[in-house]
Amino acid sequence: MKISKIIIFLIALIQISCSETTPPEPFGAIPSQRQQEWHKMKYYAFIHFSPNTFTNKEWGYGDESPADFNPTELDCRQWARVAKEAGMEGIIITAKHHDGFCLWPSAFTEHSIKNSPWKDGKGDILRELRNACDEYGLKLGVYLSPWDRNHEAYGTPEYIDYYRNQLRELLTNYGEIFEVWFDGANGGDGYYGGSNEIRKIDNKTYYDWPNTRKIVRELQPMAAMFSDGGPDIRWVGNERGYANETNWSTINGGNLYPGVGGVNKQLQNGDEDGDTWLPAEVDVSIRPGWFYHEEQDSLVKSVDQLVDIWLHSVGMNSNLLLNLPPDRRGLIHQNDVARLMEFKAYRDRAFSVDLTDGASINASNVRGKSSKFSPDLVLDDSAETYWSTKDEITSASLEIHFGKTVEMNTILIQENIALGQRVKSFSVEALMGKEYVEITSGTTIGNRRIVQFEKTASSIVRINIEAKACPVISNLEVYLTPN
Ligand code: FUL
């Protein structure tokens with residue numbers, strides 16, 4: 001009897017010590033493998049290019065002639081080189097915008113480059129871009145507008161077959177696609193094969209999204225689908241380049257679909273405790289328009305504006321999809337190129353010296369007192385390793401000792417989101433004399449949070465975290481960025 005009690009006691013002891021050194025259980029909705037791959041990205045280009053470039057419109061009516069589409073120096077290698085040199089990781093192209101014109105020689109319509117003067121109708125921009133992306137080590141994504149103001153059958157079930165056939169072409173013939181963009185816009189009126197009328201559809205039911213999505217999963221299982229309702233990435237609820245300070249990657253996704261309308265606030269915030277992992281992507285143009293307009297050559301966003309957008313997108317738990325519209329030559333305009341390179345140079349300067357290099361760190365609690373969850377792991381180069389606390393501890397802090405007084409104004413923090421988004425709020429304090437003084441604070445962290453504050457000189461910084469479950473922090477960096 002006594003021996004069996006001892007054995008039970010020993011087993012319980014082993015269980016307790018194991019549970020303290022095993023990783024925390026995932027908390028709430030978590031990202032799929034496909035979403036985790038997408039989260040590893042930060043910054044990629046959007047290319048808006050169509051007859052609009054030549055007719056000076058934003059939304060072509062659908063009656064444009066393919067003869068209008070005649071770039072004189074089209075060079076997808078220039079786009080890819082610029083994107084690469086700008087530090088981008090991929091390019092998403094409007095294979096078909098709302099005007100219905102196709103940048104690849106689709107077998108299902110005559111409204112494409114095959115009837116344009118460009119390369120005597122024998123060209124294929126998707127093919128050229130694929131090759132250019134491969135040459136420069138970039139990923140390729142496609143935007144295929146559901147709304148088609150050219151197609152005569154738009155509004156009937158026949159058009160859905162057409163749309164799906166085009167999706168199949170794009171997802172079969174152009175190698176690996178990392179993202180498929182489903183735009184929700186629908187203005188009603190259009191050419192529609194010469195009918196010139198308003199055609200209203202029910203955004204929720206007309207496209208039969210569940211079956212359209214299946215095609216993407218079947219042909220490109222790792223492609224992330226973007227729309228107001230994902231299913232992999234959500235719109236951020238505005239086109240200004242700003243994610244919300246509080247940005248949950250979780251949302252109650254049941255009623256969301258492309259063009260849902262009336263939910264911008266929800267899309268900006270996400271939902272704390274939302275049942276679905278659906279992170280936000282920020283899409284914004286480097287110019288006022290999505291398409292190239294000569295009169296906007298002087299309105300390319302400044303480096304300051306781009307830095308602000310960076311801090312509000314990449315720095316607020318989102319990825320940044322920055323639009324670079326090719327001009328009528330078919331090149332990214334020199335003003336845009338110059339600005340992109342200045343912006344890249346700024347980032348290289350700002351984020352080159354991580355002040356935590358050589359610093360030491362301790363935590364208010366370490367899970368199982370184990371080196372597997374040590375605070376040192378937030379300062380290593382691995383995104384996989386992380387600091388964590390025991391399960392019951394949801395308020396905890398990290399203290400960075402720089403070993404000397406350093407000047408700083410920026411902090412970057414990352415959660416290990418594979419285990420769910422946990423942090424609700426945080427504050428940063430610096431030791432000033434004998435007292436800790438708060439220098440900044442914030443709400444959610446998620447995949448990546450960058451916060452700027454007044455330049456502060458101190459030798460110790462403390463980060464206090466309030467989480468919904470034991471925190472899992474994978475990375476911490478501190479910088480002095482130029483103003
Ligand atoms: C919107 C479209 O209507 C714009 O033309 C542009 O493509 C933008 C990215 O999405 O919904």
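Predicted model: local features only at pLDDT ≥ 70, side-chain atom pairs only at ≥ 80, totals over all residues.
1. A helix, as the word is used in this note, is a DSSP run of H or I that holds at least four residues, and helices are numbered from the N terminus.

2. In helix α6, which covers residues 157-173, Y159 and Y163 lie 4 residues apart, so about one helical turn separates them.

3. Aromatic rings count as a pair here if their centres lie within 6.5 Å, and by this rule the count comes to 26 aromatic pairs. One of these pairs is formed by the rings of Y159 and Y163, whose centres are 6.2 Å apart and whose planes stand at 40 degrees, so the pair is classed as tilted.

4. Turning to the ligand, we find that it sits in the second largest pocket. The residues that surround the ligand are F46, H48, W59, H97, H98, Y143, W181, D183, A185, E239, D283 and W290.

5. Which side chains have an N or O atom at 2.7 Å, 2.9 Å or 3.1 Å from an oxygen atom of the ligand? The distance is 2.7 Å for the side chain of D183, 2.9 Å for that of H97 and 3.1 Å for that of Y143. As for cover, the ligand has 300 Å² of accessible area on its own, and the protein covers 91% of that area.

How values were computed. Residues numbered from 1 in each chain as written. Heavy atoms only, no water. Near = heavy atom within 4 Å. Polar contact = N/O pair within 3.5 Å; in protein donor to acceptor, adjacent residues only side chain to side chain. Areas by Shrake-Rupley, 256 points an atom, 1.4 Å probe, with all protein chains shown as cover. 1 Å grid on protein atoms, 1.4 Å probe; cavity = no way out; pocket = protein on both sides within 12 Å on 5 of 7 lines; lining within 4 Å. Sits in = over half its atoms within 2 Å of the grid points. Phe/Tyr/Trp six-rings, centres within 6.5 Å; stacked < 30°, edge-to-face > 60°. Helix = DSSP H or I, 4+ residues; strand = E, 2+ residues; numbered from the N terminus.
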